[in-house]
Amino acid sequence: MQEEKMSQRQMKEAFVSNLNGTNLMEITLGLSLPPICTVCRGLLLILFQLHSTWGIHLLVDFAILVVPLVTSCTVLSPVLFLVPLILTSLGAGMFYQIYKRRNCYLGAPPRKIIQEFLNSRLAPERIPAVTHFRVFINVLTAISILAVDFPLYPRRYAKTEVYGTGVMDLGVGAFVFGNALVCPEVRRGPGVGRSKFHYLARQLFSVWPLVFLGLGRLISVKSVGYHEHLSEYGVHWNFFFTLAIVKVTASLLLVLFSPHKSWVVAMGLAVFYQIALDLAQLKVLILHGSDGRGTRVGMLNANREGIFSTWGYVAIYLAGVQTGLFMLKTRSLLSDWIKAIGSLLLIVSGLFTFLHIAQDYIGPVSRRMANLAFSIWTVAQCLSFLSFLLLGDVLLVLSKFLIKGVDVPCSWNLIQSSGAVKKRETGSPAPETERKPLNLCLIAAINRNQLLFFLLANVMTGLVNMMVDTLNSSTSWTLSLLHLYMFSNCLIMYALHILSVTVKWW
């Protein structure tokens with residue numbers, strides 16, 4: 001029995017090893033799905049003005065926001081390019097119906113409507129795209145960490161062995177980037193007069209749960225003999241440790257340097273680390289160990305990938321800090337946000353150009369080392385994803401602009417228009433600012449307890465792997481398990497959200 005268990009463990013380890021990733025276009029296509037799903041869900045709520053029980057809202061959100069993501073990385077992966085096209089077509093049809101049913105600017109020419117729309121003002125207290133970014137990275141991560149153990153999940157999406165761009169490689173970097181978007185240095189707001197050491201102290205206090213979770217994962221994985229991919233982080237290291245070290249290190253650097261110059265520090269750190277990889281033979285140490293034979297003797301050799309790749313993730317985190325500050329910049333008009341999206345897309349184009357140069361003359365993308373190309377690629381994909389989410393938010397705002405009184409949870413609120421609302425129908429709903437936003441939203445539910453969601457997904461992934469022969473699962477069985485697993489996670493988050501329970505003990 002022990003030999004059979006060891007054989008099963010080795011088979012699972014081999015199943016997620018020696019992979020080379022996919023191409024950038026396929027990853028970008030996949031990143032377009034969450035924004036499109038969010039827009040379709042919002043248009044559906046506006047069109048039908050759904051007011052029902054929390055169970056109906058949960059089912060609608062799960063069906064539109066989660067199911068397409070599960071199927072697109074499993075059964076629909078061979079025709080992934082069709083999924084955004086189909087969903088966009090459905091969204092276009094719903095938007096056309098909304099335009100025909102508008103209760104504002106009846107009879108006004110489209111040019112006049114667009115002009116008034118661009119001069120609209122948005123509620124400044126929140127930026128939905130940031131929340132969506134962090135939630136969807138969490139959701140995509142939860143799907144992938146279980147789906148990767150099934151044959152239905154394409155091997156090109158899994159983490160690469162040394163070089164390449166896999167979907168799960170991006171997930172690690174995007175998780176770090178998403179944490180930086182809302183770090184204390186970004187959210188300092190009213191506390192701008194406080195010492196930089198105040199934010200360092202807050203960061204030190206906030207990372208101890210990550211340390212305990214990392215220790216808990218280490219002990220549980222070793223005690224049950226769970227399969228591991230050693231070249232991912234090493235023998236004892238895991239992502240919880242990486243995230244904790246990255247957050248503290250970045251905060252220390254931001255004590256020395258202004259957060260508004262964090263992009264300079266990020267670039268300098270990424271370049272310096274790449275020089276160390278190439279000229280100081282750090283690359284050889286990471287890939288082959290200190291003896292050149294890949295042995296895992298000693299703490300440094302045992303965990304060399306996790307320890308040294310931290311520097312690359314710190315660079316990504318600092319780039320996320322700069323992006324968070326950019327997102328929080330005061331913008332009074334919707335047209336200002338249109339310009340911001342244009343700026344982000346321009347930066348994305350530049351980063352992909354630099355990525356092409358880096359891969360040709362310095363080295364290909366390597367998640368294992370978190371090298372310069374990996375940092376550039378991660379930031380470029382994160383900024384493109386954020387731009388897609390912002391564009392989706394703008395489309396939803398336009399729909400809400402046409403039909404006053406409708407409400408879409410976790411979306412921007414219009415507070416006023418520069419011009420008077422013309423030809424508004426008698427008896428139409430009150431303006432959105434006069435109505436209380438709905439609390440029934442899966443995005444808000446997951447956002448309330450993101451760390452718990454991530455932890456729950458990891459625990460349930462381990463339980464499924466111990467109870468199910470994932471390597472020999474059929475297509476129907478795989479899809480059933482993945483949907484049940486995701487629905488269970490979402491249901492727990494939704495229940496906590498409805499009860500206004502935030503599980504945060506630090």
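Mentor: Axes here are lines fitted to C-alpha atoms, for helices over the stretch in contact, and angles run from 0 to 180 degrees between N-to-C directions. This is a predicted model, where local features need pLDDT of at least 70 and side-chain atom pairs count only at pLDDT 80 or more, while totals for chains, interfaces and linings use all residues. Residues are numbered from 1 along each chain, and side-chain values use heavy atoms, without hydrogens or water.

Trainee: Thanks! What makes helix 3 oblique to helix 20?

Mentor: The axes of helix 3 (residues 54–72) and helix 20 (residues 475–498) come within 10 Å and cross at roughly 140 degrees. Angles under 35 degrees count as roughly parallel, over 145 as roughly antiparallel, 65 to 115 as roughly perpendicular and the rest as oblique. So helix 3 is oblique to helix 20.

Trainee: Which residues meet there?

Mentor: With contact meaning heavy atoms within 4.5 Å, the residues of helix 3 include Trp-54, Phe-62 and Val-70, and those of helix 20 include Met-486, Cys-490 and Tyr-494.

Trainee: Why is helix 9 called roughly parallel to helix 19?

Mentor: The axes of helix 9 (residues 208–224) and helix 19 (residues 450–467) cross at roughly 0 degrees and come within 13 Å. That makes helix 9 roughly parallel to helix 19. Arg-217 in helix 9 and Asn-458 in helix 19 are among the residues that meet.

Terms used. Helices (H or I, at least four residues) and strands (E, at least two) are DSSP runs, numbered from the N terminus.
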